[in-house]
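Here is a friendly briefing to read alongside the sequence and the coordinates.

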Amino acid sequence: RYILVLYHTLLLVITGLGIALLYNIPIFSSQLLSREKSMAKSAEVEHPNKAFGWAATDTSGLLSPFNFSRRATGEKDVTFKVLYCGICHSDLHMVKNEWGTSTYPIIPGHEIVGVVTEVGSGVQKFKVGDKVGVGCVVGACHSCDNCTNHLENYCPKMILTYGAKYYDGTTTYGGYSDTMVSDEHFVIRIPDNLPLDAGAPLLCAGITVYSPLRFYGLDKPGMHVGVVGLGGLGHVAVKFAKAMGVKVTVISTSPNKKKEALEHLGADSFLVSKDQDQMQAAQGTLDGIIDTVSAQHPLMPLLGLLKTQGKLVMVGAPAKPLELPVFPLLMGRKLVGGSCMGGMKETQEMIDFAAKHNITSDIEVIPIDYVNTAMERLVKADALHYQNITIVSSLLLSRENSMAKSPEVEHPNKALGWAARDTSGILSPFNFSRRATGEKDVKFKVLYCGICHSDLHMILNEWGMTTYPLIPGHEIVGVVTEVGSKVQKFKVGDKVGVGCMVGACLSCDSCTNHLENYCHKTILTYGAKYYDGTSTYGGYSDTMVSDEHFVIRIPENLPLDSSAPLLCAGITVYSPLRFYGLDKPGMHVGVVGLGGLGHVAVKFAKAMGVKVTVISTSPNKKKEAMEHLGADSFLVSKDQDQMQAAQGIMDGIIDTVSAQHPLLPLIGLLKTQGKLVMVGAPEKPLELPVFPLIMARKLLGGSCIGGMKETQEMMDFAAKHNIKADIEVISIDYVNTAMERLQKADVRYRFVIDIANTLKSNA
């Protein structure tokens, strides 16, 4: 019966440990429920004071620049300029949502130090110029038993420094940022003799090991304590325990850390946990163990090291449950407990103790743009000094310097778009800027922008050339709002468009022959560098500026929404029809794929007087191809009988498919000297059978959009023959769903974003 009671008690202890490790579970449901509400105002404008940081936007955990805002300094608030912020292992868990509690965007960092720049009228403990820090907590109820006992870290209403909801319902953002605002109750004074950079990790790592040493009574001189893991937490635990007069044994899987543990950190002994002889010899010698390891590891060997009534205290937080052997706990009355940070009073006590005993974290100082690499190293426990990597604020773009270079202010005219920030390809609102209208520039309000399949490739970086943040869109149409003093072809009020490029050298052979699209110095409409070194941003945005040479006039009789895709899809199929001589009346041309490119190819070819056969994997598209688009015939590419019957009948084929597919059946459809022209762009190489090319002098070629003169010619031809894309108009906030549908070819036939009516600033 006694054993049963003890067993149930143990279960309660373990449950308490889980709650402590996942300390933000109490607010998780409110985070989910308030997600939709929080979208009402963007992070950048929900508070009056602009701020800048690096945020993760999805479970990839990749961090990128992020504009947000901090609240005004309240009467009990302390505002300080962030100088350094430590990278904690829990930051890694949180940016990847490994604990299932993260909401995005998330700015990590709860080891934040800096200098006070402003204090509220009711602040009593701090003044401008003081060295201060903020750790893991920025709010609590101040009235529960935990709070009244200075244990705000266990308050059910505790508010975490990042990834939580503050009292006003806004999101808390951490210290990978240029400024911080906190109620003075949660601000820690940093003693003058403690360096800020090496002191920053103490606000999490320090208190995480200091508190259990005190609480579990493992701080008595002469006691023998083990420290498992010599990482960010472990090396600080050794320092604090030694300063308390405790005998310390470091327990590690790596024998290479022995010298560091004994000679540098001052540990008394070292155990290699994989060495069974060493572990056996040390059985029953330790009063307690501080286990700092976050990875999966066995507990049985550690429990064996404890004396009767010894204490194994978990401060690392493995993502998955560990196997807990119950029998040794029962027979030795041993204890497995947990500890999570510390209250504010104890945290200040810890910092003062560290200053008195000259305890600092061993660190590697990095610039902010190294942070993703640092996270990768952290996963591998590859930090030069114990995983406590501290970001330098002088290299973290401070508001003054970073904002000077950020997309939002690198040009004078503010703009709003939707951008992808990493290879997840998820698009979200993004504030940036457009250049002032130059003497040869045309500025126009974007009304519509088509979604091209290459946009999908680019946001996912499937071609390996993407730089983030990326605002896609190169099928951009709108109305001119301003022209430069030397612009000759356009005036305010004209209907215009910009396609796939916005710059070229204008002097090479390609350019002089009106083939700017093949210029070696072509500047793409998005994801490239402009002449001034700034990034080009595409048409998923509210305004556009372009040199008039790269602006297309949209004829009055063409509707803007359904003509937008012609700026890419249209010229992509029009140009090869012309160049490869497949535009002669009476010729027979195949079109592979009835998607965004294919359906427009059918329309242009028919307008040129060409006989058209659509080639598709889907028999369901036959009626659409022939009755709606006017194709003359239809082949199901999977039907061998149909394909065999059509062997050698086509003068050329326009292949619009971007997915992997076999070329041999298509080559077989060509006449002698027939031409297979690729305009789709599969991600991986296709298998090219050479023999049929040789034996019938067939040709396989490619084509990429068209020059500016030809693009205008295409647009005028479309207006003359009433050619426009078949579209589905969507709102900007549907764009991620549209991308998912595009991957499945679930669109008829081109998505076009209604920019003017749906892209709205939350300001």
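**Briefing: sheets, helices and a few single residues**

Strand β14 (residues 306-314) pairs with β15 in the parallel sense, over four bridges; two strands count as paired if DSSP finds at least two bridges between them. Helices (H or I, at least four residues) and strands (E, at least two) are DSSP runs, numbered from the N terminus. This is a predicted model, in which local features need pLDDT of at least 70 and side-chain atom pairs count only at pLDDT 80 or more, while totals for chains, interfaces and linings use all residues. Residues are numbered from 1 along each chain as its sequence is written, and side-chain values use heavy atoms, with hydrogens and water left out.

**Confidence**

- The average pLDDT of the chain is 89, and 90% of the residues score at least 70; pLDDT is the predictor's confidence in each residue, from 0 to 100.
- Residues 1-40 stay under 50 in pLDDT, and the model has 40 contacts beyond four places in sequence for them; contact means heavy atoms within 4.5 Å.
- Residues 384-389 also stay under 50, with 37 contacts beyond four places in sequence.
- Where pLDDT is low, the predicted coordinates should not be read in detail.

**The six-stranded sheet**

- Six strands form an open sheet with parallel pairing, in the order β12-β11-β10-β13-β14-β15.
- Its edge strands are β12 (269-272) and β15 (335-338), each of which pairs on one side only.
- From one strand to the next, the twist averages 20°.
- At the pairing of β14 with β15, V313 stands opposite G337 in β15.
- β10 and β11 are joined in the parallel sense by five bridges, and G226 faces T249 of β11.
- β11 also pairs with β12, again in the parallel sense, over four bridges; here S252 stands opposite V272 in β12.
- Why is β11 largely enclosed by the rest of the structure? Five of the six residues of β11 are buried, so the strand is largely enclosed; buried means under 20% relative accessible area, exposed over 50%, and partly exposed in between (1.4 Å probe, protein chains only).

**Crossovers and the helix across the sheet**

- β10, α8 and β11 make a right-handed β-α-β unit; a crossover is right-handed if, with the strands pointing away from the viewer, the path from the first strand over the helix to the second runs clockwise.
- Helix α8 (residues 234-243) lies across β10 (224-228) and β11 (247-252), and runs at about 165° to β11; axes are lines fitted to C-alpha atoms, for helices over the stretch in contact, and angles run from 0 to 180 degrees between N-to-C directions.
- Another right-handed β-α-β unit is built from β11, helix α9 (residues 258-264) and β12.

- Strand β30 (residues 650-655) and strand β31 (residues 670-678) pair in the parallel sense over five bridges.
- With helix α23 (residues 664-669) between them in the listing, β30 and β31 make a right-handed β-α-β unit.
- β31 pairs in the parallel sense with strand β32 (residues 699-702) as well, over four bridges.
- V677 of β31 is the bridge partner of I654, and V677 also stands opposite G701 in β32.

**Helix α26**

- Helix α26 (residues 735-743) has V735, N736, A738, M739, R741 and L742 as its buried residues.
- The cover over these residues includes β18 (413-420), β19 (427-434), α16 (453-459), β33 (727-730) and β34 (750-754).
- Just after α26, A745 takes a positive phi of about 60°.

- S64 is found in strand β2 (residues 63-70) and is buried, at a relative accessible area of 10%.
- Apart from neighbours within four places in sequence, S64 is in contact with G53, W54, A55 and R421.
- E624 belongs to helix α21 (residues 622-628) and is buried too, with a relative accessible area of 18%.
- Neighbours within four places in sequence aside, E624 touches L594, L629, D726, R748 and Y749.
- The C-alpha atoms of E624 and H599 are separated by 9.7 Å, and the two residues are 25 residues apart along the chain.
- S177 sits in the loop between β7 (159-160) and β8 (179-183) and counts as buried, at 0% relative accessibility.
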